[in-house]
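Trainee: Could you walk me through this model before I set anything up with it? I would like to go contact by contact.

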Amino acid sequence: MNKRHLVPLFTAFVLWGSQYVISKVALRTIPPVTLLALRYLVSIPALFIVLKLRHALTPVKKGDGPILFAIGFTGYFASFCLQMLGIHRLTGSLSSLLGAMNPIFIPILAALFLHERITPAKIACVALSMLGVVIIVGVGGSADAVGVLLMLASVFLWSTASIIIRRVSGRYDPMQIALIAILCALPFTGAWSLIELQSASCAFPMESILAVLYMGIFGT
């Protein structure tokens, strides 16, 4: 791998990992699903502007519509809603750790649905990943069990969405796939947010506004 490719890759890891900590800041005053809906409202125009500047928007083929909807519903709605609910109950560091468990699920799902071969190296990596989580989280620790289960369910659903993405990943710009998927997820997320706001308070101090902008622009 060209070492220059490591810089954007490492930057992506930092931005993605920081999402969990920044989310905790916004969750002090904004309910979890509402926070996700606001993040999408920021990310949609941001993604659209970048795609227009890069001339990367292409027409969607008719047969790809259901696939893109499945990505949006599974990944950007179901997975991310559970993720935000899990982050709300856990610490930022533990949420980040659990959120990084995609390598455990993806090889298994890829073998089941894409018929990819599970090699001894992949098995060893999955085992090490699971061992690392057990060591850091602890078997009988004080972490919120519901929060952990929500995060694990979120990771499983996102891994599923990642497998679905492979069916269209070569046809569209990755940012366009994200934009369309978010547009598919927003109505469901927005409806859940409206229900959530019936019983939860919501406020917008400056730190929460900055957190939402960070999540929508840099994290998405």
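Trainee: At what angle do the axes of H4 and H7 cross?

Mentor: In this predicted model, the axes of H4 and H7 cross at roughly 35 degrees and come within 9 Å, and the crossing is right-handed.

Trainee: Which residues make that contact?

Mentor: From H4 the contact takes Ser95, Leu98 and Gly99, while H7 brings in Val148, Met151, Leu152 and Val155. Sorted by class, the contact of H4 with H7 holds five nonpolar and two polar residues, with no charged ones.

Trainee: And how do H1 and H4 pack, at what angle and how far apart?

Mentor: H1, which covers residues 6-26, and H4, which covers residues 92-99, pack at an angle of about 145 degrees with their axes 8 Å apart, and H1 passes H4 in a right-handed crossing. On the H1 side the contact is made by Gly17, Tyr20 and Lys24, and on the H4 side by Gly92, Ser95, Ser96 and Gly99. The classes here are one nonpolar, five polar and one charged residue. Ser95 and Gly99 are listed for the contact of H4 with H1, and they are listed for the contact of H4 with H7 as well.

Trainee: Stepping back, how many helices and strands does the protein have?

Mentor: The protein has nine helices and zero strands. Of its 220 residues, 40% count as buried, and among contacts between residues at least 6 apart in sequence, 92% join residues at least 24 apart.

Trainee: Which residues have the most contacts inside the largest nonpolar core?

Mentor: That core has 48 residues, and those with the most contacts inside it are Leu35, Tyr40, Ile71, Tyr76, Met84, Leu98 and Val168. Two or more residues come from each of H1, H2, H3, H4, H7, H8 and H9, and H3 gives the most, with 10 residues. As general background, nonpolar side chains in soluble globular proteins tend to be buried together.

Trainee: Take Met84 from that list, then: which residues is it in contact with, leaving aside neighbours within four places in sequence?

Mentor: With those neighbours left aside, Met84 is in contact with Ser23, Leu27, Pro32, Leu35, Leu36 and Met215. Leu35 is itself among the residues with the most contacts inside the core.

Trainee: Switching to H8, is Leu179 buried or exposed?

Mentor: Leu179, which lies in H8, is buried because its relative accessible area is 6%, and the cut-off for buried is under 20%. Leaving aside neighbours within four places in sequence, Leu179 is in contact with Ile44, Leu47, Phe48 and Leu51. Leu179 and Leu47 are 132 residues apart in sequence, yet their C-alpha atoms are 6.3 Å apart in space.

Trainee: Now the loops: where is Arg171, and which side chain does it pair with?

Mentor: Arg171 sits in the loop between H7 and H8, and a polar contact of 2.4 Å joins its side chain to that of Asp64. The side chain of Arg171 also reaches the backbone oxygen of Arg167 at 3.2 Å. At 43% relative accessibility, Arg171 counts as partly exposed.

Notes
Residues numbered from 1 in each chain as written. Predicted model: local features only at pLDDT ≥ 70, side-chain atom pairs only at ≥ 80, totals over all residues. Heavy atoms only, no water. Axes fitted to C-alpha atoms, helices over the stretch in contact; angles between N-to-C directions. Helix = DSSP H or I, 4+ residues; strand = E, 2+ residues; numbered from the N terminus. Left-handed = near helix turned anticlockwise from the far one by under 90°. Contact = heavy atoms within 4.5 Å. Nonpolar A, V, L, I, M, F, W, Y, C, P; charged D, E, K, R; others polar. Core = buried A, V, L, I, M, F, W, Y, C linked by side-chain atoms within 4.5 Å. Buried < 20%, exposed > 50% of the residue type's maximum accessible area, 1.4 Å probe, protein only. Polar contact = N/O pair within 3.5 Å; in protein donor to acceptor, adjacent residues only side chain to side chain.
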